[in-house]
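Hi everyone, thanks for making time for this. I'd like to walk you through one structure, so please have a look at it with me.

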Amino acid sequence: LQEDKLQIQLLDGGFNIKNISGEDITGKIVIYFKDYGDGQYLGGITYSGTIQNGLEAGEIRQIMSGNFTATGTKVVFINIV
């Protein structure tokens with residue numbers, strides 16, 4: 001989950017992503033998330049959100065998704081390309 005580089009704040013309708021690495025991230029960042037409840041992942045769909053041009057050190061961006069809820073969704077993978 002790139003926890004040494006990125007911090008995620010879950011929101012209803014999306015999430016905030018912050019670069020905590022101390023360095024600029026210049027590549028594309030893709031965040032994958034799934035519906036989650038009762039201790040298990042639900043359904044077969046994995047959703048994603050993308051930050052195209054990276055994040056500067058300390059920068060925060062918000063990704064909005066109608067499929068995301070703070071209590072019913074889990075981030076499962078983050079890929080920095």
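Predicted model: local features only at pLDDT ≥ 70, side-chain atom pairs only at ≥ 80, totals over all residues.

Now, who is the partner of Arg 61? Glu 59 forms a salt bridge with Arg 61, and their closest N and O atoms lie 3.0 Å apart. In general, side chains of opposite charge can pair when their charged atoms come close. Glu 59 is partly exposed as well, at 23% relative accessibility.

Three strands make an open sheet in the order S1-S2-S6, and the pairing is antiparallel. Strands S1 (6-11) and S6 (60-64) are at the edges, each pairing on one side only. From one strand to the next, the twist averages 20°. Between S2 and S6 there are five bridges, and here Arg 61 comes back: in S6, it stands opposite Ile 17.

Ile 17 takes us to the largest nonpolar core, which has 14 residues. Ile 17 is among those with the most contacts inside that core, together with Leu 6, Ile 29 and Ile 31. Strands S2 (14-19), S3 (29-37), S5 (47-51) and S7 (73-80) each give two or more residues to the core, and S3 gives the most, with three.

Beyond its neighbours within four places in sequence, Leu 6 is in contact with several residues, including Ile 17, Ile 25, Leu 55 and Ile 80.

Definitions and conventions. Residues numbered from 1 in each chain as written. Heavy atoms only, no water. Core = buried A, V, L, I, M, F, W, Y, C linked by side-chain atoms within 4.5 Å. Buried < 20%, exposed > 50% of the residue type's maximum accessible area, 1.4 Å probe, protein only. Helix = DSSP H or I, 4+ residues; strand = E, 2+ residues; numbered from the N terminus. Contact = heavy atoms within 4.5 Å. Salt bridge = Lys/Arg side-chain N within 4 Å of Asp/Glu carboxyl O. Pairing = 2+ DSSP bridges. Axes fitted to C-alpha atoms, helices over the stretch in contact; angles between N-to-C directions.
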